[in-house]
Amino acid sequence: MYYPFSWLRSLGRVAAYFLVVTLLGWYFSELSIAIAIGALLLLAGHYWNIYRLNHWLWQSKKITPPKVNGVWEHIYDGIYTLQRRNRAKRKELGLLVKRFREGSEALPDAAVVVDANAAIIWCNRLARIELGLRWPDDAGRRIYNLVRHPQFIEFYHKKDYEKPIEVPSPVNDQRILEYRIMPYGDQHLLLLIRDVTKLTQIEKMRKDFVANVSHELRTPLTVINGYLETLPGATNIPEAFLAKAFKEMRSQSTRMQCLIEELLVLSRIEASNERTTENIVDVPQILNTIKIEADTLNSAKQHTISMDVDPNLQVYGVETELRSAFSNLLFNAIHYTQEQGKIHVQWKLVDGQATYLVTDNGYGIEAKHLGRLTERFYRVDKARSRKTGGSGLGLSIVKHVLNHHNSRLRIKSKVGEGSEFSFAFSHELSIKQTKV
């Protein structure tokens with residue numbers, strides 16, 4: 001228990017001590033020696049308490065101070081009281097920092113704090129995803145050594161932060177990021193980074209959509225209109241011709257319907273504002289459903305389809321988009337592999353990244369085509385694509401889905417040996433967990 005300290009009481013004790021010492025010295029006729037010995041004993045007692053204080057502060061694991069009396073009791077109690085206050089303040093500060101971090105992780109934008117030398121002090125999870133930062137490995141590194149685009153470096157050093165700047169993402173050059181820089185605290189800067197890819201591509205999407213649709217619909221509409229111009233008013237038309245005409249018109253109308261549906265899917269993906277970091281996607285369950293659909297599609301060609309799926313591997317992402325990417329690669333393998341071929345699907349963790357691979361022993365693709373496979377309406381063999389009902393949009397859909405998830409499609413192929421299509425998700429999006 002704490003008692004108020006009294007200097008008069010303490011001085012009274014010292015005076016009483018030396019009175020006793022003086023009386024003993026007078027009694028033994030050695031007054032000066034007695035006073036000297038008394039002073040030395042008093043000094044030794046103080047040094048002993050100083051030693052105990054130093055031991056308690058720096059070596060002892062006990063929180064409570066040693067038991068002492070007098071002025072040292074007041075000193076120990078004062079230090080102990082300050083320690084408790086500091087612990088309470090540190091606890092409050094820890095809770096404040098925790099709330100700040102939780103709030104910063106909930107920000108819709110990537111955030112990075114740098115000091116006066118451009119060294120990274122802190123970043124949130126979105127910054128690690130959007131900029132490819134590694135925390136805490138990148139702490140202390142200069143921001144312009146990690147975001148190396150010349151326009152960003154010039155913007156940063158110019159120190160005119162009134163207007164934001166838009167440059168490609170350092171981890172995905174298909175995405176456009178907007179950088180805003182604001183003074184933060186004492187000679188610090190706060191960088192807010194937002195994905196504005198959709199805004200910058202809206203006009204381009206509209207033009208591409210109109211051009212591609214007009215080109216791809218022209219052929220089937222020409223076929224249908226040709227038959228419609230021939231049939232009305234014609235007499236004695238052979239049954240075989242009629243059957244062929246109706247079959248061709250049905251085929252072309254089905255082709256147009258599939259084309260329009262895939263264009264709508266592609267447009268939805270390109271215009272999607274859904275965040276890839278908010279929802280966990282159960283990929284093994286999706287692949288089980290896709291396998292059932294693939295077996296139905298495979299009934300004619302009788303391929304051998306094997307699945308190697310890690311049941312505990314999931315990712316952050318948009319489920320509908322990822323389902324399109326997974327299914328397109330598998331269905332393409334079924335379409336473009338000769339009958340009774342072999343198709344192997346893998347979903348596993350490779351170097352800490354969730355990886356999807358589809359391997360087949362089909363016709364293979366020449367190297368000159370590999371770089372253009374993800375272009376809209378690009379076909380390696382147009383005759384084979386028409387035969388299989390391909391629209392040339394499947395891999396374009398896959399490309400845009402992966403762009404939305406900061407991933408890329410990797411293609412390996414040799415003519416006559418087969419192909420391997422694969423993609424991987426970053427460590428931040430990959431989730432390896434054990435299901436109960």
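This is a predicted model: local features need pLDDT of at least 70, side-chain atom pairs count only at pLDDT 80 or more; totals for chains, interfaces and linings use all residues.
1. Tyrosine 356 has phenylalanine 423 as its bridge partner in β12. Strand β10 covers residues 353-360. Six bridges join β10 to β12. The two strands run antiparallel.

2. β12 also pairs with β11. Five bridges join β11 (residues 410-414) to β12 (residues 418-424). This pairing is antiparallel too. Lysine 414 stands opposite glycine 418 in β12. β11 and β12 form a hairpin, with three residues between them. Glycine 416 sits in that turn and has a positive phi of about 85°.

3. Five strands make it up, in the order β7-β9-β10-β12-β11. The sheet is open, and its pairing is mixed. Its edge strands are β7 (304-309) and β11, each of which pairs on one side only. On average, neighbouring strands are turned by 10° against each other, direction ignored.

4. Valine 309 is found in β7. Is valine 309 buried or partly exposed? Valine 309 is partly exposed, because its relative accessible area is 23% and the cut-off for buried is under 20%. Asparagine 288 lies 21 residues from valine 309 in sequence. In space the two are 9.1 Å apart, C-alpha to C-alpha.

5. Helix α8 (residues 239-270) has 32 residues. From first C-alpha to last, α8 reaches 46 Å, close to the 46 Å expected at 1.5 Å a residue. Helix α10 (residues 319-335) has 17 residues. α10 reaches 24 Å from its first C-alpha to its last, close to the 24 Å expected at 1.5 Å a residue.

6. Burial in these helices comes next. α10 is mostly covered, with 12 of its 17 residues buried. Among them are Leu322, Phe326, Leu329, Leu330, Phe331 and Ile334. The buried set of α10 also includes Glu321, Ser324, Ser327 and Asn328. In α8, the buried residues include Met249, Met256, Leu259, Leu263, Leu266 and Ile269. Gln252 and Glu270 of α8 are buried as well.

7. The surface carries a nonpolar patch. Val20, Leu24, Trp26, Tyr27, Phe28, Leu31 and Ile35 form it. Together they have about 810 Å² of accessible area. Two or more residues come from each of α1 (7-27) and α2 (31-58). Which element gives the most to the patch? α1 does, with four residues. Isoleucine 35 lies in helix α2. Isoleucine 35 is partly exposed, with a relative accessible area of 34%.

8. Salt bridges: the count comes to 11. Where do the side chains of glutamate 428 and arginine 125 meet? They meet in a salt bridge at 3.7 Å, N to O. This pair links distant parts of the chain, 303 residues apart. Arginine 125 is in helix α4 (residues 125-130), and glutamate 428 is in the loop between β12 and β13 (430-432).

9. Arginine 128 counts as buried because its relative accessibility is 17%, under the 20% cut-off. Glutamate 428 is partly exposed, at a relative accessible area of 27%.

10. The side chains of lysine 291 and aspartate 295 meet at 3.0 Å, N to O. Lysine 291 and aspartate 295 are four residues apart in helix α9 (residues 283-297), so about one helical turn separates them. Aspartate 295 is partly exposed, with a relative accessible area of 37%.

Notes:
Residues are numbered from 1 along each chain as its sequence is written. Side-chain values use heavy atoms; hydrogens and water are left out. Two strands pair if DSSP finds at least two bridges between them. Patches are made of residues with over 30% relative accessible area and no salt bridge: like charges are joined within 9 Å, nonpolar side chains (Val, Leu, Ile, Met, Phe, Trp, Tyr) within 5 Å. Accessible areas come from the Shrake-Rupley method with a 1.4 Å probe; for residues, only the protein chains shown count as cover. A salt bridge is a side-chain nitrogen of Lys or Arg within 4 Å of a carboxyl oxygen of Asp or Glu. Buried means under 20% relative accessible area, exposed over 50%, partly exposed in between (1.4 Å probe, protein chains only). The expected span of a helix is 1.5 Å times one less than its number of residues. Axes are lines fitted to C-alpha atoms, for helices over the stretch in contact, and angles run from 0 to 180 degrees between N-to-C directions.
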